[in-house]
Amino acid sequence: MSVVVGIVIVALISWVIAVFGITIFQKYERYAWAPQLFVLLILIGTAARSFNPSLQSTNLLTGEPLMAGPLTAARLSFFSLQLSVPVSWAAASSDFYVYYPQNTKPWKSFSLTMFGLTLSFIFVNMIGIGLASGTFANPAWKEAHASSSGALILAGYHDLGKIGKACGVVVALGLINNSVPGTYASALGFQVLGRY
């Protein structure tokens, strides 16, 4: 499947849900996490031997190890970028909590949201860091990463053959989980901007 076909499929599914309602998506979400978690665990099992947790942070231009100041700045930039994703949902969050019982305590919805986002972000970021560290030792992974991040994920599944490609499709369909809420709630984001 080419990148263009994948983009079209995700865009069409996201559009259908945005037009016909979030209820369809919420039913899908209720079960979609399980196969995705399963294939990500398979990815860890097949790709972990190429992960390099002892890899030292280096300057990409010179190849020299980063000193304390630049290393701290690089990590702060990375974590700021990671924080920008969940923070961007703040304007739309009320739209997704509309199905909670009215007597739900604010601390409970906050805690569940924070726990869910933190757990999922840490999990996929660690997989991404592991895959990225493997590109330094595995030439096939480096070549795949030069093509796209999706190709790197498929390279992690390479040893599984056709089953690995099927796992890659399940991971790709996970983009729907990330595209639909943003498409659905984009009007709320524009309302936050005010009148222009």
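This is a predicted model: local features need pLDDT of at least 70, side-chain atom pairs count only at pLDDT 80 or more; totals for chains, interfaces and linings use all residues.

**Entry 1: α3 and α5**

I started with α3, residues 68-87, and α5, residues 106-134. How do their axes cross? I find them coming within 12 Å and crossing at roughly 135°. Angles over 145 degrees would count as roughly antiparallel, so this angle makes α3 oblique to α5. I also noted the hand: α3 passes α5 in a right-handed crossing.

Next I asked which residues of α3 meet α5. On the α3 side I wrote down Phe78, Gln82, Val85 and Pro86. Their partners in α5 are Leu117, Phe121 and Asn125. Sorting the residues of this contact by class, I get 5 nonpolar, 2 polar and no charged.

**Entry 2: α6 and α7**

Then I moved on to α6, residues 139-147, and α7, residues 149-156. Here the axes are 5 Å apart, and the helices pack at an angle of about 150°. With the roughly antiparallel class set at over 145 degrees, that angle makes α6 roughly antiparallel to α7. Left-handed or right-handed crossing? I have α6 and α7 down as right-handed.

For the contact itself, I listed Trp141, Ala144, His145 and Ser147 from α6. They meet Ala151, Leu152, Ala155 and Gly156 in α7. How many residues fall in each class for the contact of α6 with α7? My tally reads 5 nonpolar, 3 polar and no charged residues.

Notes: Residues are numbered from 1 along each chain as its sequence is written. Side-chain values use heavy atoms; hydrogens and water are left out. Axes are lines fitted to C-alpha atoms, for helices over the stretch in contact, and angles run from 0 to 180 degrees between N-to-C directions. Helices (H or I, at least four residues) and strands (E, at least two) are DSSP runs, numbered from the N terminus. Angles under 35 degrees count as roughly parallel, over 145 as roughly antiparallel, 65 to 115 as roughly perpendicular and the rest as oblique. A crossing is left-handed if the near helix is turned anticlockwise from the far one by less than a right angle, and right-handed if clockwise. Contact means heavy atoms within 4.5 Å. Ala, Val, Leu, Ile, Met, Phe, Trp, Tyr, Cys and Pro count as nonpolar, Asp, Glu, Lys and Arg as charged, and the others, Gly among them, as polar.
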